[in-house]
Amino acid sequence: MKHLALGSLMTLCGSMAIAEDAANMRTFLFIGTSNSAAWEMQIANPGDRAASVKGGIEALGGELLSYYWGLVNGKDYITVALPDDPTFIQAFYVSRLGDGLLEDYQMIELMSSADMAEALARVPEIKAQDDLK
């Protein structure tokens, strides 16, 4: 049920951000560990949580990219594209901390392999700047 709560919260916060340009999106991996109350709610109301999460994320101008559960560890792994707005992204992260359903929660920004190649190509530039100091 924690994901239903996430969907509801995201829908309520829908006015916070609307993506103006899909090219201005950032990709994140959310890793959550449900506490016992969240598991009890999910067992009492089983269902595919991706649908409710998708609606909430889309209402905020984002996109649900994937939603998986880890076998045996019980963690959920959700990838989303969110508008490139740092204060919105931080508010999005913090909004999940107070719902009382997560034991542990991480948000990791992901970058594509192509973007990493560009970053690696810039390493000499950065090292040259460090050498000037």
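This is a predicted model: local features need pLDDT of at least 70, side-chain atom pairs count only at pLDDT 80 or more; totals for chains, interfaces and linings use all residues.
Started with glutamate 109, which forms a salt bridge with arginine 26; I get 2.7 Å between the closest N and O atoms. Glutamate 109 sits in strand β4 and arginine 26 in strand β1, so the pair ties together parts that are 83 residues apart in sequence.

I looked up how open the two ends are. Glutamate 109 is partly exposed at 41% relative accessibility, and arginine 26 is partly exposed too, with a relative accessible area of 22%. The cut-off for buried is under 20%, so arginine 26 at 22% still goes down as partly exposed.

Next, the other salt bridges. The count comes to five. I went through two more of them by hand.

Arginine 96 pairs with aspartate 99, with the closest N and O atoms 2.3 Å apart. Which end of this one is buried, and which is partly exposed? Arginine 96 is the buried end, at 3% relative accessibility, while aspartate 99 comes out partly exposed at 26%. I also checked for shared partners: Arg26, Asp84 and Glu109 are joined into one network by salt bridges.

The other one I opened is glutamate 58 with lysine 54, where the side chains meet at 3.9 Å, N to O. Both belong to helix α3 and are four residues apart, so about one helical turn separates them. Glutamate 58 is partly exposed at 44%, and lysine 54 is partly exposed at 40%.

**The sheet**

I traced the strands next. In what order do the four strands lie? I read β2-β3-β1-β4, an open sheet with antiparallel pairing. β2 and β4 are the edge strands, each pairing on one side only. From one strand to the next, the twist averages 15°.

Then I zoomed in on β1 and β4, the strands that hold arginine 26 and glutamate 109. Eight bridges join these two antiparallel strands. Threonine 33 stands opposite aspartate 104 in β4.

Helices against the sheet: α2 (residues 36–44) packs on it, touching β1 and β2, and its direction makes about 95° with that of β1. α3 also packs on the sheet, touching β2 and β3, with its direction at about 155° to that of β2.

I followed up on leucine 64. Leaving out residues up to four places away in sequence, leucine 64 touches Ala50, Val53, Lys54, Ile57, Ile78, Thr79 and Val80. Lys54 on that list is the residue I already had in the salt bridge with glutamate 58.

**Serine 112**

Last stop was the loop between β4 and α5 (113–121), where serine 112 lies. Is serine 112 buried or partly exposed? I get partly exposed, with a relative accessible area of 34%. A polar atom of the serine 112 side chain lies 3.0 Å from the backbone nitrogen of aspartate 115.

I also ran a distance check on serine 112 and threonine 27. The two are 85 residues apart in sequence, and their C-alpha atoms are 8.9 Å apart in space.

Technical notes
Residues are numbered from 1 along each chain as its sequence is written. Side-chain values use heavy atoms; hydrogens and water are left out. Contact means heavy atoms within 4.5 Å. Buried means under 20% relative accessible area, exposed over 50%, partly exposed in between (1.4 Å probe, protein chains only). A polar contact is a pair of N or O atoms within 3.5 Å; within protein, one must be able to donate a hydrogen and the other to accept it, and residues adjacent in sequence count only if both atoms are side-chain atoms. A salt bridge is a side-chain nitrogen of Lys or Arg within 4 Å of a carboxyl oxygen of Asp or Glu. Two strands pair if DSSP finds at least two bridges between them. Axes are lines fitted to C-alpha atoms, for helices over the stretch in contact, and angles run from 0 to 180 degrees between N-to-C directions.
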